[in-house]
Amino acid sequence: MNSDTDSSHYAHLIIAGLLGWAIPGAGHFYIGERVRAAVIFVTVVLTFTVGLWVGSVGVIDPVHGKLPYAGQIMNSPAVAAIGHLTRSGHYPVYGRPNEIGQIYTSISGLLNLLCIVNAVYLAHVKRRGREGRTA
Amino acid sequence: MTALDILLTFTVPQTVGNGPLSMLWLLPLTVSIAVVYKATKVQRIEPWPFVKDCALLFASVMVFMLVAALVLFAVAYLITA
């Protein structure tokens with residue numbers, strides 16, 4: 001395999017990963033796994049939305065909740081925009097709603113991370129399989 | 001209800017009690033985990049086998065959590081009795 005094909009392969013993997021991070025399921029959609037993409041999109045977005053609804057946007061707290069934020073940011077870069085909004089501390093949330101909201105949003109982020117890794121893996125396997133057949 | 005009203009519900013936390021029933025919030029999360037995990041594992045997603053796989057994984061997780069809870073409860077009981 002020459003270096004041009006190699007770099008195109010790596011670009012393909014990086015695009016699949018970045019799309020999966022930008023929009024949950026988009027990485028799978030990019031590699032042609034449309035049903036899988038739809039299932040992932042609906043489940044991850046629904047889980048994240050339920051977490052936000054229960055705990056309010058205040059559960060995304062990059063200042064006092066750094067550890068949950070590390071999981072939440074895996075949902076999408078858009079979470080950073082919400083974090084910028086809540087950084088001021090104008091959306092306080094305490095107790096059980098905070099716990100449930102943080103758990104839901106963090107777990108949905110970690111699930112999306114699993115999907116990103118899976119999309120990159122499938123992109124790699126599919127591309128290599130296609131190259132193997134044409135060689 | 002306008003779109004603004006819907007958006008405003010995301011700025012105020014919902015009322016959730018601290019009782020044991022609040023643990024039921026873990027059930028929908030377990031469903032999500034089962035669905036996404038199975039979506040990344042199965043070769044092909046076909047409606048009925050996929051739902052069956054997800055239900056099986058959900059049930060396995062629930063049984064394991066119940067067993068873990070019982071073991072922890074027994075340990076706590078033995079230590080504090």
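Let's start with what Phe58(B) touches. Setting aside neighbours within four places in sequence, Phe58(B) is in contact with Leu27(B), Thr30(B), Val31(B) and Ala34(B), where contact means heavy atoms within 4.5 Å. And before I go on: this is a predicted model, where local features need pLDDT of at least 70 and side-chain atom pairs count only at pLDDT 80 or more, while totals for chains, interfaces and linings use all residues. Residues are numbered from 1 along each chain as its sequence is written, chains are lettered from A and ligands numbered from 1 in the order in which they are written, and side-chain values use heavy atoms, with hydrogens and water left out.

Back to our phenylalanine. Phe58(B) sits in helix α3 of chain B, residues 47-80; helices here are DSSP runs of H or I with at least four residues, strands are E runs of at least two, and both are numbered from the N terminus. So is Phe58(B) buried, exposed or something in between? It's partly exposed, with a relative accessible area of 24%. The cut-offs are under 20% for buried and over 50% for exposed, with partly exposed in between, using a 1.4 Å probe and protein chains only. Now look towards Leu7(B): that residue is 51 places away from Phe58(B) along the chain, and their C-alpha atoms are 31 Å apart.

Okay, zooming out to chain B. It has 3 helices and 0 strands, running α-α-α from the N terminus. Its radius of gyration is 19 Å, well over the 12 Å that the globule rule gives for 81 residues, so chain B is more spread out than a compact globule. That radius is taken over C-alpha atoms, and the rule is 2.2 Å times the number of residues to the power 0.38. The C-alpha atoms fill a box of roughly 55 × 40 × 15 Å along the principal axes, and 20% of the 81 residues count as buried.

Last stop, the partner. Chain A brings 28 residues to the contact and chain B brings 27. About 2,300 Å² is buried between them, 72% of it from carbon and sulfur atoms; buried area is the accessible area (1.4 Å probe) that two parts lose on being put together, summed over both. On the chain A side, Arg36(A), Trp53(A) and Arg96(A) lose the most area to chain B, together 28% of what that side buries. The elements of chain A giving two or more residues to that side are α3 (34-55) and α6 (95-134), and the largest share, 13 residues, comes from α3(A).
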